[in-house]
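Colleague: I am new to this structure and would like to go through it slowly. Please set each value against its definition as we go.

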Amino acid sequence: MSLDSDRLDAVTAHPRSPPLRSEEYEDLFDQAPVIFAALSGPHHLLEAANPAFFEAIGGDRSRIGVPLGELIPELAAQGVLDRLDTVYRTGTPYRARAGRLVLGAPGAQREGFFDFTYEPRRDPVGRVDGVLVIAVETTTFHHAQLLAAEQRVLLERIARDAPLSEILTGMALAIEELSPNMIVSVLLADADGRHLRHGTGPSLPAFYNAAVDGIAIGERVGSCGTAAFLRRPVIVADIATDPLWEDYRELAEQAGVAACWSTPIMGASGRLLGTFAMYHRTPKAPNDKDVTLSSAFARIAALAIERHQAKEASRAAQDREKEAREDLAFVLDASTAITREPHFTDCLQGLARLTVPTLAPLCTVHVLEDGRTRRIAVAATTRSDEDLLAFPAVRDRVDEAVAHVLASGHSETDHSGAARGARSGIPGTTGYVCVPLATRGRTFGVLTLLATGRPLDGHIVALAEELASRAAVSADNARQFSDRVQLARELQAGLLPPELPRIPGAELAASYHPAGEGLDVGGDFYDVFPLPGDRWAVMIGDVCGRGAAAATTTGMVRHTARAAARLLHDPAAVVRAIDDALAGSSVSADHFVSLVYGELLPGTSPLTLELLRAGHVPPLVRRTDGTVEQLAQSGLLLGVGPEFDGSPCRVELSPGDSLVLVTDGITEARSTTGEFFDEHRLTDALMRADSSGAAGLIAAVNAAVTAFAGPSTPDDQAALVLTAV
């Protein structure tokens, strides 16, 4: 049994000398700062001791002559008396450093650390008749070393960016180890500056930590709330009687704490960061050591909290920057994808698809057309989400919100609807937002997002509004594009026969493919119409250019041909009439025309036509045996002067033979390498065609062109086939 220290092996011999008497001890050690006691006999009777001895042990100075074990009974269990017995019995001195002793009665104990020397005392004949105890208390030094070590550990944790909870809990446990009767907690100032939140309190009951989490900062709010409010330490030595704890006494009693000293934790800029509290289980006022500990660790806590907040602020800034980049990327990608949709309906359906599930699990798009609201698109993450719209209560509430937005031109959420007095919320959802689709000062539609899980927040609403703003412009452009395409189609349809007529002894088929998206009216045309005397006119042509002027020229050519052919019985005269009309027209001044015009002679067998070619792609004749003939005779383009001079050629078609007329959009279709489809590939396609009928030949030509040049074409493509039957 020994003290909690290592034994020193330095043992020295002392010459015999007469023992000192009590008066001499008093003269020698009374004013010395070291602890001194002279013990006599095997029972270690306290023969003499200086004031430092009684101050260290807290004993009664009048009890000289009492055995040490009776005076300080707690020493026996700590091995001190056994060590004194050994020194008395063997005459061998004992020395120890930083020996730990717990002194005092239960409930009033204190921990102390001492450097000891136990020297045997000898009588004049050299026999051991007692023990001299000389000691220096090193408790303060020991605590200072421990404090410095703990501070280093905490600072290292702060430097390596350990979690704040780990740092604060480590600090609390370190203080409680330095002061075993103390309980430490830290509360952190909330972002609103009006409340304190739990930081750490490892030795406090969980119910107590939960109860004080979120307490208000203010006067008479315990020690911590008051210290945070006053920005200065608050010491409550007895919770049971202090008015600051009036509302929390029962809680403190349940937690078994009776005293609390709280120090505000202040940042370098003077901002409140939290509170550092020390609790005791018995009423107690702080001593110098407590004040030192509180001050030292409050500074460390401030450093840890500020570093943590700086890291959190940096992380939050990075998260915001990342979120902003992701938001921008989403909006740009989505708006780009929407812009690619050329048609109004496709554009808004794409908008609905792109919002799910990034912005919400369920989305609808409504548009206002001809004074009526129509749901044009729906997108949902799951089928159950989409099924919500089948419920009348949901559908009616969405329609109501959409009507409000169309009328006001402003976004509406479940909150804004409630503020206006309208019904709030949509059954089966956790929130909604309706965002106007507006352009050129007009709201033409509404984007509605519905949440079925996590409610929609302001961030989602802002993204929806930005995306809707961009989509509205794209949709409006798409609407104009669609309208323009439709107009072009209608104009183009007016320049072509609505349907091919039935000609006795012949089968007809035709096709027309506008260039690109069909935004402009093309100049390619064909026509078949009856003439007096059971004759029929057949023609195909191409006006240079596109747009309104080309359409006007096309119309003039067709109408001139129909009018002239009724009066003139000569195909060449009809073509000259067309050429004269072009030459005299200011509209067609810059538009020349290529043309093949022919007339089917009545009552001929085989079927006979007279054809004139004015600068157009050569007509081809596919015979029943699969051979193809090219009619090479040609005249000048029309509309470029001088007067057209040409004579017709006669073509005879036996049953199964076909006359094939095409525009240069087919022969000049280009492959990816830039090659032309040309007349040779057209001839090959006709020769390889499986069918000899008019419709089959048209299909074969179109398939061959598409396979060679792809589905898109930079020029209009027209074809007309007449097959003798």
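Colleague: Which residues have the most contacts inside the largest nonpolar core, and how many residues does that core have?

Modeller: The largest nonpolar core has 49 residues, and those with the most contacts inside it are Ile578, Leu595, Tyr597, Leu638 and Leu653. A nonpolar core here is a set of buried Ala, Val, Leu, Ile, Met, Phe, Trp, Tyr and Cys residues joined through side-chain atoms within 4.5 Å. Strand β19 (residues 535-543) gives the most to this core, with six residues, where strands (E, at least two residues) and helices (H or I, at least four) are DSSP runs numbered from the N terminus. A second, separate core of 36 residues includes Phe344, Cys347, Leu348 and Ala451. Please keep in mind that this is a predicted model, in which local features need pLDDT of at least 70 and side-chain atom pairs count only at pLDDT 80 or more, while totals for chains, interfaces and linings use all residues. Residues are numbered from 1 along each chain as its sequence is written, and side-chain values use heavy atoms, with hydrogens and water left out.

Colleague: Why does Glu599 count as buried?

Modeller: Buried means under 20% relative accessible area (exposed is over 50%, partly exposed in between, with a 1.4 Å probe and protein chains only), and Glu599 has 2% relative accessibility, so this residue counts as buried. Glu599 is placed in strand β20 (residues 593-600), and, leaving aside residues up to four places away in sequence, it touches several others, including Leu531, Trp536, His569 and Thr608, a contact being heavy atoms within 4.5 Å.

Colleague: What makes polar contacts with the side chain of Glu599?

Modeller: The side chain of Arg535 is joined to that of Glu599 by a polar contact of 2.7 Å, and the side chain of Tyr597 makes another with it at 2.8 Å. The definition asks for a pair of N or O atoms within 3.5 Å; within protein, one must be able to donate a hydrogen and the other to accept it, and residues adjacent in sequence count only if both atoms are side-chain atoms.

Colleague: Why is the pair of Tyr208 and Tyr279 called edge-to-face?

Modeller: Rings of Phe, Tyr and Trp (its six-membered ring) pair if their centres lie within 6.5 Å, and planes under 30 degrees apart count as stacked, over 60 as edge-to-face and the rest as tilted. The search of the whole structure finds eight aromatic pairs. For Tyr208 and Tyr279 the centres are 5.8 Å apart and the planes stand at 90°, so the pair is edge-to-face. This pair links distant parts of the chain, with Tyr208 in helix α8 (residues 206-212) and Tyr279 in strand β11 (residues 272-280), 71 residues apart.
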